[in-house]
Amino acid sequence: MSDEIHMRHALGLAWRGLGNVWPNPTVGCVIVAGGRVVGRGWTQPGGRPHGEVRALAQAGDLARGATAYVTLEPCAHYGKTPPCANALVAAGVARVVSAATDPDPRVAGKGHAILRDAGIEVTEGVLGDAARELNAGFLKRMTRGLPLVTLKLATTLDGRIATASGESRWITGQEARRAVHAMRLTHDAVMVGAGTALADDPDLTVRNLGAPGQPLRVLLDSNLRHSPQSRLGLTAAQNPVWIFHASTAPAAARNAWREAGARLFELGETQVPLRDALHGLAAEGVTRVLSEGGATIAAALLRDDLVDELAVFSAGKIIGGDGVPAIAPLALAHLAEAPRFRLQQVQTVGGDILSRWRHQ
């Protein structure tokens with residue numbers, strides 16, 4: 001029972017790293033000696049230092065003979081920092097309790113093996129399901145080459161996101177919009193399509209929450225219609241903007257965006273293939289993507305079975321059938337073909353309702 005208590009503590013610490021440690025997983029570590037916590041840490045912004053290193057530094061000599069609780073198997077490879085498994089051995093810990101195995105082929109059991117070879121007792125699988133949920137984006141990137149994708153929708157009760165004239169500000173209230181900013185904090189990247197960018201001119205940053213950093217801002221714009229003089233373009237030098245475009249995008253527009261500070265990726269001949277764009281993000285280390293695009297990108301993600309989680313904000317308003325639907329046509333012939341999600345949570349956010357769903 002005490003193992004679970006200390007692992008829950010470590011998991012709580014690890015949550016603090018979500019959204020700002022990619023391409024690394026977020027890892028929490030608690031070091032316990034004589035029933036007392038003597039060190040704790042979590043992966044820091046940018047992915048370094050690792051949680052184990054922070055906890056060991058805090059524990060100092062008290063780590064010798066102690067038990068270390070780690071939410072993911074300690075790394076076993078030399079990267080920009082030495083392996084955490086070696087650091088635990090050098091510190092003289094007597095026991096390591098881990099929640100989940102790291103699927104990274106550079107680790108994948110090797111971290112546990114280093115510990116056992118050094119005579120350290122290793123207990124695996126404590127609160128493993130919770131640990132895998134925490135690092136679902138990292139695990140998906142490692143095993144499938146794709147980031148975890150959360151599709152955020154803000155709709156009226158009848159599923160509309162704008163009036164027939166295109167007016168959409170604001171369907172949900174201030175509290176819901178603040179909750180979206182908090183959601184951005186837990187994702188590595190925020191993604192929109194050209195339609196949303198042109199209609200709303202968003203900047204996609206986190207504001208008024210004391211954020212340690214800003215999410216990567218991703219624009220899918222096949223023909224580079226969005227202007228570098230937009231809010232995204234004018235801030236690209238300060239907060240990263242990555243743009244996926246097709247080979248038909250004009251050279252002048254490409255040059256203008258590069259001069260603004262954006263990073264460009266060419267994919268597809270006339271349209272950017274969405275799955276390829278997500279593969280591209282994963283290849284660059286992105287593990288968690290929040291899609292805030294409009295009806296077209298929402299439909300494309302659902303049609304290609306790319307949505308892992310849905311976050312739906314519902315406002316107590318009705319626009320009617322002439323309004324803009326939250327999701328563009330999916331061309332389903334049978335109900336059995338409809339994407340299916342399992343309800344995870346429902347909560348009140350100001351005057352709106354937030355429901356969270358997970359892909360079945």
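Colleague: Where is L343 found?

Modeller: L343 is in strand β15; helices (H or I, at least four residues) and strands (E, at least two) are DSSP runs, numbered from the N terminus. This is a predicted model, so local features need pLDDT of at least 70 and side-chain atom pairs count only at pLDDT 80 or more, while totals for chains, interfaces and linings use all residues. Residues are numbered from 1 along each chain as its sequence is written, and side-chain values use heavy atoms, with hydrogens and water left out.

Colleague: Which residues make the nonpolar surface patch?

Modeller: L343, V346 and I353 make a nonpolar patch of about 250 Å². Patch residues have over 30% relative accessible area and no salt bridge; like charges are joined within 9 Å and nonpolar side chains (Val, Leu, Ile, Met, Phe, Trp, Tyr) within 5 Å. The areas come from the Shrake-Rupley method with a 1.4 Å probe, and for residues only the protein chains shown count as cover.

Colleague: Salt bridges next. What does the count come to?

Modeller: The count is 13 salt bridges, each being a side-chain nitrogen of Lys or Arg within 4 Å of a carboxyl oxygen of Asp or Glu.

Colleague: What does E133 form a salt bridge with?

Modeller: E133 pairs with R358, and their closest N and O atoms are 3.3 Å apart. E133 is in helix α5 (residues 128-134) and R358 in strand β16, so the pair ties together parts that are 225 residues apart in sequence. E133 is partly exposed at 41% relative accessibility, and R358 is partly exposed at 24%.

Colleague: And K140, what is its partner?

Modeller: K140 forms a salt bridge with D308, the closest N and O atoms being 2.7 Å apart. K140 sits in helix α6 (residues 136-144) and D308 in the loop between α12 (295-303) and β13, so parts 168 residues apart in sequence are tied together. Both K140 and D308 are buried.

Colleague: Which residues are linked in a network of salt bridges?

Modeller: D3, R95 and E121 are linked that way.

Colleague: Switching to α7. How many residues does helix α7 have?

Modeller: Helix α7 (residues 174-185) has 12 residues and reaches 17 Å from its first C-alpha to its last, close to the 16 Å expected at 1.5 Å a residue. The expected span is 1.5 Å times one less than the number of residues.

Colleague: Which residues of α7 are buried?

Modeller: The buried residues of α7 are A176, V180, H181, M183 and R184. They cover an arc of only 155° around the axis, so they are on the same side of α7; the arc is that of the directions from the helix axis to the C-beta atoms.

Colleague: What do the buried residues of α7 pack against?

Modeller: They pack against several strands, including β6 (148-156), β8 (189-193) and β12 (288-291). Contact here means heavy atoms within 4.5 Å.

Colleague: Last one: where does S230 lie?

Modeller: S230 is in the loop between β9 (216-220) and α9 (231-234). Its relative accessibility is 6%, so S230 counts as buried. Not counting residues up to four places away in sequence, S230 touches D201 and W257.

Conventions
Buried < 20%, exposed > 50% of the residue type's maximum accessible area, 1.4 Å probe, protein only.
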